[in-house]
Each structure stands twice: as C-alpha cells, then as structure tokens.
Amino acid sequence: MKNRLKVLRAERDWSQAELADRLGVARQTIVALEAGKYAPSLPLAFKIGKVFSQSVEDIFDADATD
Amino acid sequence: MSDPNPTTRANRRYLTGFSLAAIAYVAVLFAAIGYVNYAQPHGALRYLLAPLIPIAFMVPIFIRYFRETDEFQRRIVTESLAIAGGVTALLAVTYAFLESTGLPHPSAWFTWLAVMGSWAIARIFVARRYR
C-alpha cells in the first residue's frame, strides 16, 4: 500500500529508528511500511496518523497498491 | 533502564531469556552426562532427561516474545513457521517413501533439524520479501 510515510518523516527530520520508537515498532517494520510492502493494521495506522497529526487517508492511499 | 519501545524491550527480553536457557541447557547436559558416567546411578534415564527442563523454558520465552513484538515481526515469524511446517512435512513424507527402499530409520533429531533449519532459512527469505 502506497503511503507518504517517508516524506512525512523527512519533513520532521526523524530517522527510521526515531519513528520506530515513537510507534513502538522495530526499524525493520518502518522499512517495510515505507517501501509499501506491508499494510499496517488499523490500530497501527491510526497510531501513525496520530504521530504525524494527520488522518489515515491523508497518509495511506488505499487505491494504489504495489 | 527499560527501553520505552515495547518491541525493542521484547527483543532484549527474548535474547536474554533464550541465552540464559541455552547456557543452562549446556550446563545441565554436561552435568547429567558427567554424573551418569561417573556414578552410573540407578535410573540413569531420569538424569539424561534433565536437559529438557531448560529447553522447556525456551517455549514460554518464545511465546512471550511473539505476543510482545510488533505486528510485522509477528507476521514474519508466522509466515516463516508456516513455510517450515510445509517443508518439514514434505521432507518427512519424502524420507518415509525412501525408507521403503531400505534406507535406515532416521533419528528423531531429523524432525528438529528440519523444522529449525527450514525456519531459519525461511525467515531470511520472508523478511527479504518485505524490503
């Protein structure tokens, strides 16, 4: 599932490890999410939205899949 | 100080627990073999089964890790275990057929090795697929 995670993270100047810590996941999970290879569960998607103060729809594009 | 990231904390707890259980296994194994060889006690089997105790501890340690790690890590573990189960079943049925041609009956270690070996290899390939 395509998403804007990498852009949003770069805008805040966060490393993958920093974002992983904010979300409580492994860095490997951030790599998979940013690559669009892994679609997160609803709770994780909402957590991502909260961390970036954006809605889930603004971050993830459900129509565009890899 | 404990890590605020629950996944990092789960990884650390798993590594510590697993390492301690592995060290205990080696220690109990050598102690049991040494005692049985030296004292040749009655009911030696009981002592030779003692190393199973630290191995049994590895099961709840792994289950705890599985429950505490993040959802993506859980997916990798689940997918690779499913592949390992399939590979082991295939190897077992293949060897069962070959046994009828006169090949020797394998040790139970064959199953352990097949599950653990194929799980380790599958984990590498499954993780690579998500990069």
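1. Chain B is assigned two domains, domain 1 (1-69) and domain 2 (70-131), the bounds coming from an automatic or database domain assignment. The centres of domain 1 and domain 2 of chain B, taken over C-alpha atoms, are 22 Å apart.

2. The model is a predicted one, in which local features need pLDDT of at least 70 and side-chain atom pairs count only at pLDDT 80 or more, while totals for chains, interfaces and linings use all residues. Residues are numbered from 1 along each chain as its sequence is written, and chains are lettered from A and ligands numbered from 1 in the order in which they are written.

3. The pairing of H1(B) with H3(B) comes next. Helices are DSSP runs (H or I, at least four residues), numbered from the N terminus. The axes of H1(B) and H3(B) (residues 52-68) come within 9 Å and cross at roughly 175 degrees; axes are lines fitted to C-alpha atoms, for helices over the stretch in contact, and angles run from 0 to 180 degrees between N-to-C directions. The two helices H1(B) and H3(B) are therefore roughly antiparallel, given that angles under 35 degrees count as roughly parallel, over 145 as roughly antiparallel, 65 to 115 as roughly perpendicular and the rest as oblique.

4. Contact between H1(B) and H3(B) involves, among others, Tyr14(B), Phe18(B) and Tyr25(B) from H1(B) and Ile55(B), Phe57(B) and Ile61(B) from H3(B), a contact being a pair of residues whose C-beta atoms, placed from the backbone, lie within 7 Å. By class, this contact of H1(B) with H3(B) comprises 15 nonpolar residues, one polar and one charged. Ala, Val, Leu, Ile, Met, Phe, Trp, Tyr, Cys and Pro count as nonpolar, Asp, Glu, Lys and Arg as charged, and the others, Gly among them, as polar.

5. How are H4(B) and H5(B) arranged relative to each other? Their axes come within 8 Å and cross at roughly 135 degrees, and H4(B) and H5(B) are therefore oblique to each other. The residues that meet include Ile83(B), Val87(B) and Leu91(B) in H4(B), and Val115(B), Trp119(B) and Val126(B) in H5(B). The contact of H4(B) with H5(B) divides into 13 nonpolar, four polar and two charged residues.

6. Is Thr88(B) buried or exposed? Thr88(B), which belongs to helix H4 (residues 71-99) of chain B, counts as buried because it has 20 C-beta neighbours inside 10 Å. A residue is buried if 20 or more other C-beta atoms lie within 10 Å of its own, exposed if 12 or fewer, and partly exposed in between, with C-beta atoms placed from the backbone. Leaving aside residues up to four places away in sequence, Thr88(B) touches Thr111(B), Ala114(B), Val115(B) and Ser118(B). The C-alpha atoms of Thr88(B) and Met58(B), 30 residues apart along the chain, are separated by 21 Å.

7. Trp109(B) lies in helix H5 (residues 109-129) of chain B and is exposed, since 8 other C-beta atoms are within 10 Å. Between the C-alpha atoms of Trp109(B) and Pro6(B), which are 103 residues apart along the chain, the separation is 35 Å.

8. The contact between the chains takes 10 residues from chain B and 13 residues from chain A. On the side of chain B that touches chain A, the elements giving two or more residues are helix H1 (6-39) and H4 of chain B. H4(B) gives the most, with three residues. That side of chain B divides into four nonpolar, three polar and three charged residues.

9. In chain A, the axes of H2(A) and helix H3 (residues 27-34) come within 8 Å and cross at roughly 105 degrees, which makes H2(A) roughly perpendicular to H3(A). The contact is made by Gln16(A), Ala17(A), Leu19(A) and Ala20(A) of H2(A) with Arg27(A), Thr29(A), Ile30(A) and Val31(A) of H3(A). Arg22(A), in helix H2 (residues 16-23) of chain A, counts as partly exposed, because it has 19 C-beta neighbours inside 10 Å.

10. Most residues other than glycine have a negative phi. Asp13(A), however, has a positive phi of about 60 degrees; Asp13(A) is in the loop between helix H1 (5-11) and H2 of chain A. Phi of Ser53(A) is likewise positive, near 55 degrees, and Ser53(A) lies in the loop between helix H4 (42-52) and helix H5 (56-59) of chain A. Asp13(A) counts as exposed because it has 7 C-beta neighbours inside 10 Å, and Ser53(A) counts as exposed because it has 8.

Notes
Contact = placed C-beta atoms within 7 Å.
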